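Hello,

Here is the structure you asked to have passed on. Please open it next to this message; my notes come after it.

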Amino acid sequence: QVQLVESGGGLVQAGGSVRLSCAVSGRTFSRTSMAWFRQAPGKEREFVAAISRNGFVTNYGDSVQGRATISRDNTENTAYLQMSSLKPEDTAIYYCAAADNFATTEREYPHWGQGTQVTVSS
């Protein structure tokens, strides 16, 4: 059974930074593409970032371009999302997702974590 467990969310002041982690079990992590999505209250889930299995290819959503960095440690079976210069509009539940192949749309990801809340105060 594939399990994804996010951590690292919390309350952050505007202009600050946060680092989210996603620990993966139940599948070979080095054969897994990873992504982060987020969903704000009353809004649809939004693509944030994705990283290929070997970490060489990344892609970012327009709203976080230049402020987010996705990374992974294949020895720790963990993916990360570092976000800086946070804005109140970054407030959302952040989800990590796993798939066989690199993708930027949520329908391509069959495995999801439970989400971690990030709240940015102004």
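Predicted model: local features only at pLDDT ≥ 70, side-chain atom pairs only at ≥ 80, totals over all residues.

Residues are numbered from 1 along each chain as its sequence is written, and side-chain values use heavy atoms, with hydrogens and water left out.

The open sheet

Four strands form an open sheet in the order β1-β3-β8-β7, with antiparallel pairing. Strands here are DSSP runs of E with at least two residues, numbered from the N terminus, and two strands pair if DSSP finds at least two bridges between them. β1 (3–7) and β7 (68–73) are at the edges with a single partner strand each, so one side of each has no neighbour in the sheet. On average, neighbouring strands of this sheet are turned by 15 degrees against each other, direction ignored; the axes behind that angle are lines fitted to C-alpha atoms, and angles run from 0 to 180 degrees between N-to-C directions.

β1 and β3 run antiparallel and are joined by five bridges; Leu4 has Val24 in β3 as its bridge partner. Strand β3 (residues 18–25) also pairs with strand β8 (residues 78–83), in the antiparallel sense and over six bridges. Here Arg19 stands opposite Gln82 in β8, and the bridge partner of Ser21 in β8 is Tyr80. Arg19 also lies over the face of Tyr80, at 4.0 Å from the ring centre. A charge is taken to sit over a ring if NZ of Lys or CZ of Arg is within 6 Å of the ring centre and within 35 degrees of the ring normal.

Strand β11

Strand β11 (residues 116–121) pairs with strand β2 (residues 10–13) in the parallel sense over four bridges, and Val12 stands opposite Val120 in β11. With strand β9 (residues 92–99), β11 pairs in the antiparallel sense over three bridges, and there Tyr94 stands opposite Thr116. In a regular strand the side chains alternate between the two faces of the sheet. In β11 the covered face holds Thr116, Val118 and Val120, and the uncovered face holds Gln117, Thr119 and Ser121.

The aromatic residues

A search of the whole structure finds four aromatic pairs. Rings of Phe, Tyr and Trp (its six-membered ring) pair if their centres lie within 6.5 Å; planes under 30 degrees apart count as stacked, over 60 as edge-to-face and the rest as tilted. One of the pairs is Phe37 with Phe47, edge-to-face at 5.7 Å centre to centre and 70 degrees between the planes. Phe37 is in strand β4 (residues 33–39) and Phe47 in strand β5 (residues 46–51), ten residues apart.

Phe37 also pairs with Tyr109: the ring centres are 5.7 Å apart and the planes at 70 degrees, so this pair is edge-to-face. Tyr109 is in the loop between β9 and β10 (111–112), 72 residues apart from Phe37. Phe37 has 1% relative accessibility and therefore counts as buried; Tyr109, at 3%, counts as buried too. Buried means under 20% relative accessible area, exposed over 50%, and partly exposed in between (1.4 Å probe, protein chains only). Phe47 is buried as well.

Phe37, Phe47, Tyr95, Tyr109 and Trp112 form one aromatic cluster. Arg45 lies over the face of Tyr95, a member of that cluster, at 5.0 Å from the ring centre.

Regards
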